[in-house]
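Let's take a friendly walk through this model, beginning with a sheet and ending with a helical chain.

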Amino acid sequence: MALLQISEPGQSNAPHQHRYAAGIDLGTTNSLVATVRSGEAGCLPDQEGNCLLPSVVHFAADKCLVGSSAQAMQALDPLNTISSIKRLMGRGIDDVDRLGQVLPYEFVNDSQSPVPRIRTRTGEVSAVEVSSEILKQLATRASQSVGDELAGVVITVPAYFDDAQRQATRDAATLAGLNVFRLINEPTAAAVAYGLEKNAQGVYAIYDLGGGTFDISILRLNQGVFEVLASGGDSALGGDDMDHALGEWIIDQAGFTDLDSILLRQILIAARKAKQALSDTDSTEISIQHGRHQWRGRIERAQFEALILPLVKTTLKACRRVLRDANISKSDIAEIVMVGGSTRVPLVQSMVEAFFERQPMCDMDPEQVVAIGAALQADVLAGNKPDSDMLLLDVLPLSLGIETMGGLSEKIIDRNTAIPVARAQQFTTFKDGQTAMSVHVVQGERELISDCRSLARFELRGFPPMVAGAARIRVTFQVDADGLLSVTAEETTSGVVADIVVKPSYGLTDKEIETMLRASMDNAREDMEQRMLKEQQVEAWRVIEAIDSALLADGEDLLSQTEIERIMQYRNKLETSIETASNEALKQMIKALEDVSEFYVAKRMNNSIKQALAGKQIDEVSI
Amino acid sequence: MKSLDFSQNYFELFGLRPEFNLDAEHLHAQQQQLLASCHPDRFVNASDREKRLSVQMASWVNQANATLRDPVKRAAYLLQINGVEAGDESETTSDTDFLMEQIELREEIEACRSGDDALPCCDQVSLKLEHRASQLAQEFVSHFAAMDLEAARISGRKMQFIQRIQQQLSDLQFELEDS
């Protein structure tokens with residue numbers, strides 16, 4: 001049918017060929033990348049053999065350093081060296097005040113944008129841009145290691161991340177030029193690693209305390225299916241907070257006043273070192289030397305434990321709630337898995353053990369297990385394991401609501417609902433001739449809008465004018481498998497679909513992302529148009545590949561000869577034009593092929609649903 | 001999206017008889033089997049349109065499962081596919097005995113809060129509520145079997161009230177355990 005095809009690396013259309021994919025754990029303190037090679041999942045080290053890439057970015061005059069070289073600059077040049085940026089992902093200016101002491105940077109005061117920007121010597125940067133530098137570094141490490149371009153990546157996020165934080169992570173990946181197969185939740189990734197590598201079965205509790213986030217998830221593992229029963233946590237609680245509590249103690253003991261950003265950074269670094277030392281010893285020395293600020297002291301483990309006790313208690317409260325949400329008692333749990341560097345702290349281990357009344361498991365490296373799980377998932381999603389029956393079924397971590405009269409939140413989708421999920425809500429107009437309305441979507445459990453997290457305001461426009469109360473506006477809230485929300489609206493009596501303008505409360509608009517993308521292209525001296533054309537070509541191959549494998553599988557069963565010929569006509573036209581057509585022309589041809597084959601795609605989907613239940617008639621399966 | 005076959009009702013989707021009593025494990029297994037074929041993870045390399053369809057399909061399966069798994073929603077859904085709307089959330093019962101019962105149950109919960117043995121007290125009320133819920137479910141089943149849909153609707157409403165009280169009790173238990 002087709003001529004011999006020679007494919008570009010990374011866009012192979014030969015299905016049997018191995019496609020490299022990577023799992024990325026984008027952490028608050030450290031980030032990792034892992035991949036599956038010859039069936040083995042493993043974290044990829046840098047040239048010095050370190051798997052952990054410190055999540056630190058240093059903006060030098062002429063370049064941008066990521067990792068330990070950036071970390072080395074932290075105490076010398078704190079204002080141009082950004083760490084713990086994950087804490088600002090999807091966050092607004094007003095959150096900065098709360099996190100200000102943890103993040104000692106110079107923020108730009110600019111009411112124009114809801115997204116905080118940090119002033120560095122090379123310009124202002126947002127959390128999305130800083131994160132994209134880390135992602136780029138990891139992706140480069142991966143593609144150099146496997147000697148091929150990556151077909152795609154799976155990036156992990158805390159289960160308790162809200163929509164804005166997830167969207168920011170996706171934006172960072174877009175900016176880094178990565179094809180994101182999926183965002184998956186960190187505890188779910190850890191469960192995948194345990195499930196596949198250790199052959200775990202039954203109900204698992206994953207306790208994940210990282211540098212800046214805490215998650216607790218309860219999953220049922222059964223023959224390749226990883227079903228999250230409930231998840232909870234705190235997206236601003238982690239090892240950083242322990243460092244901070246200890247840092248305050250140091251400041252108090254030393255009697256320091258007038259702290260500058262260099263001293264503050266030194267104190268936090270000393271606090272972290274002391275915390276790590278106290279995991280192995282009963283007491284440790286702390287020494288601070290910065291100009292006239294000099295202090296040397298000792299801290300006992302018991303003292304440190306008293307400082308962090310409230311933090312650990314907060315995590316146990318979340319554990320109790322998640323057990324209740326999952327409708328599970330402690331005795332139903334087969335194992336507790338500890339994930340994240342902060343679970344190395346002995347008090348965390350002993351309190352978790354006391355709470356669950358059993359010894360937690362740490363068979364796998366708590367810092368690598370998330371990246372390994374993500375890599376296993378990425379390998380399956382890349383199509384390297386066609387026989388795999390692995391399935392990750394996750395939940396929405398926080399309820400979604402809309403603002404109603406009186407500043408109250410009306411829940412539309414409850415927390416711990418299985419995703420993907422869609423809910424529709426009916427609205428009407430309250431003025432004659434009203435053609436637009438605004439829906440404010442929030443996330444959180446509290447009743448008052450002001451206590452929830454504002455996600456976005458959706459402006460729905462273009463309804464036909466009617467008398468007040470006559471319009472029937474059906475707004476559908478769709479949460480996809482990444483946990484990301486999209487909204488569509490239709491006036492049902494006229495069938496008019498609304499135009500939607502999204503105003504993210506704490507996110508970047510599409511336009512801002514595009515501007516950043518263009519700017520980064522300029523730096524790389526690559527033409528934007530060229531890149532978009534290349535992406536369109538990859539998309540064209542993908543569509544052709546999908547059609548070919550579908551037709552091969554069931555084309556003759558589901559379609560008439562004429563129908564097949566019609567689809568082939570569009571398919572072949574697209575194929576012969578891939579190398580010559582413009583970006584816009586390709587887009588049109590892809591759309592045309594998708595249009596002409598849409599009924600077939602739907603037929604297949606319906607058919608696969610029927611086949612899933614095939615051979616089971618109603619009489620056989622009911623009680 | 002014109003082309004997806006959403007014409008089946010939730011029972012048909014899972015190959016179940018349209019009855020209140022169902023095998024929860026079977027439902028769970030069917031849900032996972034359906035998701036195994038339509039989950040978006042199976043369409044990562046497909047066209048955008050297929051991706052969108054799979055999100056819709058999987059959402060539908062999840063919605064169906066959430067509806068049938070919960071006894072109150074299941075009862076309301078059974079009525080709905082038989083042409084009876086379960087009624088508005090704000091609709092209150094005119095059954096004075098049931099009204100009195102609700103008030104008494106709420107008072108019992110409040111008494112637990114202020115009493116000495118708060119948690120054991122909650123456990124007792126919890127058992128009582130569970131018993132009441134299954135009683136009402138049985139009522140629903142027999143009305144529904146007799147096709148007395150109005151009576152079934154009222155039993156369904158009562159189940160919903162009891163479920164709400166159970167939720168309040170559970171909130172209190174959580175609050176007590178936490179303090």
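## A strand pair in chain A

A:Asp215 has A:Gly233, in E14(A), as its bridge partner. Strand E13 (residues 214-222) and strand E14 (residues 225-234) of chain A run antiparallel and are joined by nine bridges. Strands here are DSSP runs of E with at least two residues, helices are runs of H or I with at least four, and both are numbered from the N terminus. Two strands pair if DSSP finds at least two bridges between them.

This is a predicted model: local features need pLDDT of at least 70 and side-chain atom pairs count only at pLDDT 80 or more, while totals for chains, interfaces and linings use all residues. Residues are numbered from 1 along each chain as its sequence is written, with chains lettered from A and ligands numbered from 1 in the order in which they are written.

In chain A, five strands form an open sheet with mixed pairing, in the order E17-E12-E13-E14-E18. Strand E17 (335-339) and strand E18 (391-393) of chain A each have a single partner strand, so one side of each is left without a neighbour in the sheet. From one strand to the next, the twist averages 25°.

## Chain B

Chain B has seven helices and zero strands. Its radius of gyration, taken over C-alpha atoms, is 20 Å, whereas a compact globule of 179 residues would have one near 16 Å (the rule is 2.2 Å times the number of residues to the power 0.38). The C-alpha trace of chain B spans about 60 × 45 × 30 Å along its principal axes.

Note on methods
Axes are lines fitted to C-alpha atoms, for helices over the stretch in contact, and angles run from 0 to 180 degrees between N-to-C directions.
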